[in-house]
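Hi everyone, thanks for coming along. Today I'd like to walk you through one protein, from the overall picture down to a few single residues. Have a look at it first.

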Amino acid sequence: MTGKIFVNPFGVPKNSEIQAEELFRELKKSGVDCEIVKNGFLNNGIKHGEIHCDYSADFAVFLDKDKYLSKCLEKSGVRLFNGHDSIRICDDKGKTCIALSGSGVNIPDTVFAPVCYLKDSEIPEDFLKGIAVKLGYPVVVKECYGSGGKGVYLAENLKTLKEISEKLKLTPHIYQKFMGRRRGTDIRIIVIGGKRVAAMKRENLTDFRSNIALGGKGSVADVPESFYLTAEKCARILGLDYCGVDLLYGDEDEPYVAEVNSNAFWGEFSSVTKVNVAKVYADYIIKTVKGI
């Protein structure tokens with residue numbers, strides 16, 4: 001069996017590099033002829049009207065977000081973990097909300113920012129006031145693309161909401177109701193092959209964002225079954241082989257979906273839970289490709 005692990009060619013965060021290396025080692029231990037590949041622009045494209053893709057493998061683990069390469073690989077017959085469509089939906093926080101809507105999972109009330117093309121355009125104040133009426137203060141504002149807590153803001157009043165909206169008006173973004181039941185705390189559940197692996201609580205005492213990259217600390221989580229079921233349901237709806245589902249506490253401590261990460265980092269998660277996520281993922285990939 002042959003496999004490739006794709007990473008971005010322009011340098012990746014240390015966590016992503018370690019993740020690729022750990023998965024590579026686990027796949028090699030199981031006899032997979034595997035290599036880590038930096039996405040190159042000359043190895044794929046269109047030639048004579050057909051997909052031209054020089055990457056030959058039974059499967060590929062896609063740790064990049066290059067939507068062109070992922071689609072080319074799938075069209076050329078390579079089994080991706082995760083698939084192109086699933087990655088694209090998770091890469092856009094607005095699309096994720098829409099995809100999960102109507103499924104029975106709890107999502108914070110959300111308003112989608114209208115597209116703005118001109119930097120000199122003025123954001124209507126009645127629109128901003130309407131957001132406050134719908135969502136209440138504080139309002140969470142999220143750039144649709146981003147990870148590690150970057151591009152996530154908290155507007156405590158109309159003045160701050162105006163400032164953030166002005167800053168982001170040319171950037172796709174959404175507004176969401178602030179789930180303040182446990183400020184700075186969330187639950188990350190990793191799901192592989194549709195099944196829970198474990199849960200980790202992330203807590204940040206100095207920021208409303210719980211991300212480890214922003215100073216959050218991980219610990220073993222003891223959560224109700226509803227949290228696990230919600231995470232598994234999200235993975236199933238979005239067609240994800242692997243994901244990290246971040247859940248917030250509602251007013252009655254019920255789970256609300258904050259985000260679903262198709263390439264969630266597992267470093268802190270494995271350290272806290274003592275689960276070798278790389279091995280669980282590698283075993284799942286091999287069984288899936290073999291059709292077991």
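Let me start with charges: Lys and Arg count as positive, Asp and Glu as negative, while His and the chain ends are not counted. Each charge is placed at NZ of Lys, CZ of Arg, CG of Asp or CD of Glu. With that in hand, the protein has 41 positive and 39 negative charges, and their mean positions are 2 Å apart.

Now, a word on what you are looking at. This is a predicted model, in which local features need pLDDT of at least 70 and side-chain atom pairs count only at pLDDT 80 or more, while totals for chains, interfaces and linings use all residues. Residues are numbered from 1 along each chain as its sequence is written, and side-chain values use heavy atoms, leaving out hydrogens and water.

On to the overall picture. How many helices and strands does the protein have? There are nine helices and 15 strands; these are DSSP runs numbered from the N terminus, with at least four residues (H or I) for a helix and at least two (E) for a strand. The C-alpha trace spans about 60 × 50 × 35 Å along the principal axes. The radius of gyration, taken over C-alpha atoms, can be set against a globule rule of 2.2 Å times the number of residues to the power 0.38. For 292 residues, a compact globule would come out near 19 Å, and the protein has 20 Å, which agrees.

What about burial? Buried means under 20% relative accessible area, exposed over 50%, and partly exposed in between, using a 1.4 Å probe and protein chains only. Of the 292 residues, 48% are buried. As for contacts, meaning heavy atoms within 4.5 Å, take those between residues at least 6 apart in sequence: 64% of them join residues at least 24 apart.

Let's zoom in on some residues. Is Glu-259 buried or exposed? Glu-259 sits in strand S15, residues 255-261, and counts as buried because its relative accessible area is 18%. Beyond its neighbours within four places in sequence, Glu-259 contacts Lys-93, Lys-142, Gly-244, Val-245 and Asp-246.

His-84 belongs to helix H3, residues 84-91, and is buried too, at 9% relative accessible area. Which side chain does the side chain of His-84 meet in a polar contact? It is that of Ser-70, at 2.7 Å. A polar contact here is a pair of N or O atoms within 3.5 Å; within protein, one must be able to donate a hydrogen and the other to accept it, and residues adjacent in sequence count only if both atoms are side-chain atoms.

Last stop: the backbone. Most residues other than glycine have a negative phi, and most peptide bonds are trans. Here, though, a cis peptide bond joins Phe-81 and Asn-82, with omega about -5°. Asn-82 is in the loop between strand S6 (79-81) and H3. The bond from Tyr-137 to Pro-138 is also cis, omega being near -5°, and Pro-138 falls in the loop between helix H5 (125-135) and strand S8 (139-143).

Then there is positive phi. His-48, in the loop between strands S3 (44-47) and S4 (50-53), has a phi near 55° and is exposed at 77%. Lys-274, in the loop between helices H8 (267-273) and H9 (277-290), has a phi of about 65° and is exposed at 69%.
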